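This briefing is meant for a reader who is meeting the structure for the first time. Please look over the sequence and the model before reading the points below.

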Amino acid sequence: MADTLTFEDEAETPEQIPEQIPEQTMGAGCCGDTGESYDLAKPFKAEDKRLLNCKQVDVNQLMPLKYDWAWEHYLNGCANHWMPTEVPMQRDIELWRTDALTDAERQVILRNLGFFSTGESLVGNNIVLAIFKHITNSEARQYLLRQAFEEAIHTHTFHYIIESLGLDGREVFNMYHEVASIKGKDQFVMNLTSDVMDPNFSTESIEGMQKFIKNLIGFYVIMEGIFFYSGFVMILSFHRQNRMTGIGEQFQYILRDETIHLNFGIDLINTIKAENPEVWTSELQRDIYDLVNDAVEYEVLYARDCLPEGVLGLNETMFREYVQFIADRRLERIGLAGVYGSQNPFPWMGETIDIVKEKNFFETRVTDYQSGGALSWDE
Ligand SMILES: [Fe+2]
Ligand SMILES: [Fe+2]
């Protein structure tokens, strides 16, 4: 009982509560710090908000909003709420137990479970441990909290799939240490996390902001925007053949969430750029091209490892084309010219994303949640 915390232990009466919220609760940094002290107890104007290095606005107050896009992404994420345990897995379990799947097909599924099961946690941990404290804006933080929860749901999904199929969870979750093609991708983004988690890291310098932008690009544009997409193609290819449809449906839910994560990340990066144009140097742009180029190579290696002899009509050459095609689209969205000029070998993915975005695809569950939240005493 010695460690039980009570309010008495805090020994803080209302009289002792400071009138001004201490600076350390506000997040790091200061907007163009002139040494001026700000009175955070006074109402602020929305236009005073900034995504990074803002000291003059109380980050504990959501309203007034400045970045409507952040709030919109938050509302869309909430409207899409789902749980992996709602998806029936019986057909997958039956198919997995038969010999109707080849070893090569099983390898595709296992590699993707291995990559995503820990990849989701890397994204969640990057948000909570690296990004969150440096974002000095309440509506962007509101979205990050929602996204972090969704990443927990995604990790839960892989635990649920592994349990359903009777796989060895230790083996699947440890693949990112043991399978070189997964380790390569994860190490690549983990390096960008450790840069921002360095105790001496700050976004107050141009160099710090550039490092922070590279982290955002590593996670939103590359991890969630490129590294996840080969896996989506592979697993949804089974789904298109009406096989492993439970996992396929889980991946469609994840793809729907990831589409919003990517869109938020792009808005975040572009707005930080607009607020701090001095950081967008030609050197930073070159570094981003290098990161994307390395990412494309890691992803092609991953595709080769997942399907060394081609499976489901898919092969390494198609994945090189596809990864280059989506890399160009991602570069364009952060204001950089595409470099590969590849065609999309999987045009059906575009249609899938459109279908996934439509609410009626998940109508029953969306309606269930929305009606649950809209109970009224009049009924
Ligand atoms: Fe995720
Ligand atoms: Fe995500």
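Predicted model: local features only at pLDDT ≥ 70, side-chain atom pairs only at ≥ 80, totals over all residues.

Residues are numbered from 1 along each chain as its sequence is written, while chains are lettered from A and ligands numbered from 1 in the order in which they are written. The protein chain has 14 helices and zero strands, where helices (H or I, at least four residues) and strands (E, at least two) are DSSP runs numbered from the N terminus.

**Confidence**

- The mean pLDDT of the protein chain is 87, and 84% of its residues reach 70 or more; pLDDT is the predictor's confidence in each residue, from 0 to 100.
- Confidence is highest in helix 5, at a mean of 98, and lowest in helix 1 (residues 7–10), at a mean of 40.
- Over residues 1–15 the pLDDT stays under 50, and the model gives this stretch one contact beyond four places in sequence, a contact being a pair of residues whose C-beta atoms, placed from the backbone, lie within 7 Å.
- Residues 17–32 also have a pLDDT below 50, although that stretch has 33 contacts in the model beyond near neighbours in sequence.

**Overall packing and the nonpolar core**

- Of the 379 residues in the protein chain, 40% are buried; a residue is buried if 20 or more other C-beta atoms lie within 10 Å of its own, exposed if 12 or fewer, and partly exposed in between, with C-beta atoms placed from the backbone.
- Among contacts between residues at least 6 apart in sequence, 75% join residues at least 24 apart.
- The largest nonpolar core has 83 residues, and those with the most contacts inside it are Ile222 and Ile269; such a core is a set of buried Ala, Val, Leu, Ile, Met, Phe, Trp, Tyr and Cys residues joined through C-beta atoms within 7 Å.
- The elements that give two or more residues to this core include helix 2 (68–79), helix 5 (138–165), helix 11 (282–306) and helix 12 (316–333), and the largest share, 20 residues, comes from helix 9.
- Leaving aside residues up to four places away in sequence, Ile269 touches Ile213, Leu216, Ile217, Tyr220 and Ile334.

**Individual helices**

- The 29 residues of helix 4 (residues 103–131) should span 42 Å at 1.5 Å a residue, and the end C-alpha atoms are 40 Å apart, which agrees; the expected span is 1.5 Å times one less than the number of residues.
- Helix 4 also has a kink of about 25°, centred on Asn125, where the bend at a residue is the angle between axes fitted to the seven residues ending there and the seven starting there.
- Helix 8 has 18 residues and reaches 25 Å from its first C-alpha to its last, close to the 26 Å expected.
- Ile182, Lys185, Asp186, Val189, Leu192 and Val196 are buried in helix 8, and what covers the buried residues of this helix includes helix 4, helix 7 (175–178), helix 9 and helix 11.
- Helix 10 has 31 residues that should span 45 Å, and its end C-alpha atoms are 45 Å apart, which agrees; because 22 of the 31 residues are buried, helix 10 is largely enclosed by the rest of the structure.

**Backbone features in the loops**

- Most residues other than glycine have a negative phi, and most peptide bonds are trans.
- A cis peptide bond, with omega about 0°, joins Met63 and Pro64, and Pro64 is found in the loop between helix 1 and helix 2.
- Met244, in the loop between helix 9 and helix 10, has a positive phi of about 50° although it is not a glycine, and Met244 counts as buried because 25 other C-beta atoms lie within 10 Å.
- Leu312, in the loop between helix 11 and helix 12, has a positive phi near 60°, and with 17 C-beta neighbours inside 10 Å Leu312 counts as partly exposed.

**Pairs separated in sequence**

- Thr136 lies in the loop between helix 4 and helix 5 and is buried, with 24 C-beta neighbours inside 10 Å; Thr136 and Asp58 are 78 residues apart in sequence and 8.8 Å apart in space, C-alpha to C-alpha.
- Glu207, in helix 9, is exposed, with 12 other C-beta atoms within 10 Å, and the C-alpha atoms of Glu207 and Leu284, 77 residues apart along the chain, are separated by 9.6 Å.

Terms used:
Contact = placed C-beta atoms within 7 Å.
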